[in-house]
Amino acid sequence: MTKTYKVISILITSLTLIWLVYAGFQPKWIKWQLMTAGGIHFIMSFIINRQYHNWEYNYLGIVHGTLMVVLMGWGYFFV
């Protein structure tokens, strides 16, 4: 994986965490924001997973996949 993809992946994960802190201070969770964040992580997990051609651990792909499931599930089922 190139350095550009790693930097973009870490940047998007950081922005998501900053957004979660901001959303935590709001009086009400907004469903479309959680679903959109999950969708962004779905796209990023697909892009990151396509970068690996060798059998090695793909930690950024695992992080994006986990955030995708958690954010979309939280937005769909609990909000």
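The questions and answers below concern helix packing and aromatic pairs.

Guide: This is a predicted model, in which local features need pLDDT of at least 70, side-chain atom pairs count only at pLDDT 80 or more, and totals for chains, interfaces and linings use all residues. Residues are numbered from 1 along each chain as its sequence is written, and side-chain values use heavy atoms, with hydrogens and water left out.

Visitor: How are H1 and H2 oriented to each other?

Guide: Helices are DSSP runs (H or I, at least four residues) numbered from the N terminus. Axes are lines fitted to C-alpha atoms over the stretch in contact, with angles from 0 to 180 degrees between N-to-C directions. The axes of H1 and H2 come within 11 Å and cross at roughly 165°. Angles over 145 degrees count as roughly antiparallel, so H1 and H2 are roughly antiparallel.

Visitor: How many charged residues has the contact of H1 with H2?

Guide: Contact means heavy atoms within 4.5 Å, and the residues that make it include Ile8 and Ile12 of H1 and Leu34 and Ile40 of H2. Ala, Val, Leu, Ile, Met, Phe, Trp, Tyr, Cys and Pro count as nonpolar, Asp, Glu, Lys and Arg as charged, and the others, Gly among them, as polar. The contact of H1 with H2 has ten nonpolar and five polar residues, while the number of charged residues is none.

Visitor: Are H1 and H3 roughly parallel or antiparallel to each other?

Guide: The axes of H1 and H3 come within 11 Å and cross at roughly 30°. Angles under 35 degrees count as roughly parallel. H1 and H3 are therefore roughly parallel.

Visitor: Which aromatic residue forms a pair with Trp29?

Guide: Rings of Phe, Tyr and Trp (its six-membered ring) pair if their centres lie within 6.5 Å; planes under 30 degrees apart count as stacked, over 60 as edge-to-face and the rest as tilted. Trp29 belongs to a tilted pair, with 4.5 Å centre to centre and 50° between the planes. Trp29 lies in the loop between helix H1 (3–24) and helix H2 (31–50) and its partner in helix H3 (residues 59–78), so the pair ties together parts that are 45 residues apart in sequence. That partner is Trp74.

Visitor: Is Trp74 buried, partly exposed or exposed?

Guide: Buried means under 20% relative accessible area, exposed over 50%, and partly exposed in between (1.4 Å probe, protein chains only). Trp74 has a relative accessible area of 29%, so Trp74 is partly exposed.

Note on methods: Helices (H or I, at least four residues) and strands (E, at least two) are DSSP runs, numbered from the N terminus. Angles under 35 degrees count as roughly parallel, over 145 as roughly antiparallel, 65 to 115 as roughly perpendicular and the rest as oblique.
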